[in-house]
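Subject: Handing over the structure we discussed

Dear colleague,

Please find the sequence and the structure below, followed by my notes. I would be grateful if you could read the two side by side.

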Amino acid sequence: GYRKGGYHAARPGDRFAGGRFVAQRKIGWGNFSTVWLAYDTLHSRFVALKIQKSARDYAHAALHEIELLSAVAKGDPTNSKCVLRLLDHFKHAGPNGQHVCLVTEFLGDSLLRLIRYNRNKGIGLSRVKEICRSVMVGLDYLHSELGIIHTDLKPENVLLESTINPAKDPVRSGFTPILDRPVGNQYGGTVISFSEKMLKMRARRAVAKISQRRVSLGGVGAELEKERCLDGISLKCKIVDFGNACWADQQHAGEIQTRQYRAPEVIIGSGYSYSADIWSFACIAFELATGDLLFAPMNRQGCSEDEDHLALMMETLGKMPRKIASSGTRSKDYFDRYGDLKRVRRLKFWPLDRVLVERYSFSEPDAKGFADFLRPMLDFAPEDRPSAAQCLKHSWLN
Ligand code: ADP
Ligand code: MG
């Protein structure tokens, strides 16, 4: 964590990039970085500041992310294609080393939070549709216009835009920026300059006039937690985290994706492309609608997580065609020459539409409609999966 080569320990009030950005509070972290809500004093707006760990490999990864996100921003001048917008980047020297920092638009809660706050019961199909549309617009843009495979699509990496987002609407959100390092532990002790004081007062007055719901400091970026409902939250969302993304013609990693969202061709080692993102997308859509992971593989007695994963896929989607099962560099580890799993013998087939009705109490038409949408994206043959553009035309979304 916070040591040489690791995270940068920031505090509210810390300034970055020659004083331009002021850290407000930590809003997230990953294996590579910590992410802060920051105030951009140059443009009077809130932004997200992703501070990468400092070791050389992390710096490298961040520069790669900057390269991809720059292409994303360049190809989408109006910022309407449902992918995170990069605003700036710089290096920050701290006690643990040099940290590459990305400045991006500030977004709201992740889909993971959305799923959790609905107590893992699903969020209703009309909301699922709305989110699916946004994510598909983002994927179509990445795939067909830019040639980028995300490779780590999962609920944590899709963030909601919200109507009470201080980045968009600081006044209505009732959020006043910390412009200086707090004295002691009290935010109340903040010393601010005259012009900054004016800014704060103006913001307060405007808030008092608008009798809209206000969000406290702690609520920013965690609206769902406070509200426990979805009123006032637009379900537009954006794809984030390009730390693992790649140009389709410059693949490096053999193993991609987070376990539960991993496509079968990645497990058996038969090469991957854009369609691996489509598989992950279908897993996310199922999770939004039901609150449960589509596939939750485990290390079981006598069989690996990979084998359990392949077995779960087949139980829901039917047997993997032998030709596909035998096409990977690791096929022989899992399958015998008949295309059957070596160490998992009895599969209990339970097709997707039946699971929706019998386990999740979907009505027959709802189950059929949703399964019709998802099923083609979960084709074992990657080249037979629909593209994002084709998914966008599916009747279920329209
Ligand atoms: P990592 O590459 O370290 O996983 P991410 O880019 O996924 O970093 O960011 C980690 C977390 O920080 C995200 O899951 C999210 O909760 C939060 N986060 C990242 N970017 C933003 C943003 N633009 N607005 C709001 N929160 C963000
Ligand atoms: Mg991440």
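This is a predicted model: local features need pLDDT of at least 70, side-chain atom pairs count only at pLDDT 80 or more; totals for chains, interfaces and linings use all residues.

Residues are numbered from 1 along each chain as its sequence is written, and chains are lettered from A and ligands numbered from 1 in the order in which they are written.

The protein chain has 14 helices and 10 strands, where helices (H or I, at least four residues) and strands (E, at least two) are DSSP runs numbered from the N terminus. Of its 398 residues, 41% count as buried; a residue is called buried if 20 or more other C-beta atoms lie within 10 Å of its own, exposed if 12 or fewer, and partly exposed in between, with C-beta atoms placed from the backbone.

Helix α1 (residues 56-74) has 19 residues and reaches 27 Å from its first C-alpha to its last, close to the 27 Å expected at 1.5 Å a residue, the expected span being 1.5 Å times one less than the number of residues. Its buried residues are Y58, A61, A62, E65, L68, L69 and V72. Seen down the axis of α1, these buried residues fall within an arc of 130°, so they line one face of the helix; the arc is that of the directions from the helix axis to the C-beta atoms. They pack against β4, β5 (86-94), β6, α3 (125-146) and β7 (148-149), whereas the face of α1 turned away from the buried side carries the exposed residues R56, H60, S70 and K74.

The largest nonpolar core has 97 residues, of which L49, V135, A282 and A285 touch the most other members; such a core is a set of buried Ala, Val, Leu, Ile, Met, Phe, Trp, Tyr and Cys residues joined through C-beta atoms within 7 Å. Helix α8 (residues 275-290) gives the most to this core, with 11 residues. Not counting residues up to four places away in sequence, A282 touches L374, M377 and L378.

In α9 (residues 305-317), the buried residues are E307, H309, L310, A311 and M313, and what covers them includes α7 (264-268) and α11 (331-334). M313 counts as buried because it has 21 C-beta neighbours inside 10 Å, and, leaving aside its neighbours within four places in sequence, it is in contact with P264 and F295. Just after α9, G318 takes a positive phi of about 90°.

Y272 is found in the loop between α7 and α8, and it is buried, with 24 other C-beta atoms within 10 Å. The C-alpha atoms of Y272 and T151 are separated by 9.5 Å, although these residues are 121 residues apart along the chain.

Lastly, there are two backbone points to look at. Most residues other than glycine have a negative phi. N79, in the loop between α1 and β5, has a positive phi of about 50° although it is not a glycine, and Q257, in the loop between β10 (246-247) and α7, has a positive phi of about 75° although it is not a glycine either. With 13 C-beta neighbours inside 10 Å, N79 counts as partly exposed, whereas Q257, with 23, counts as buried.

With best wishes

Terms used: Two residues are in contact if their C-beta atoms, placed from the backbone, lie within 7 Å.
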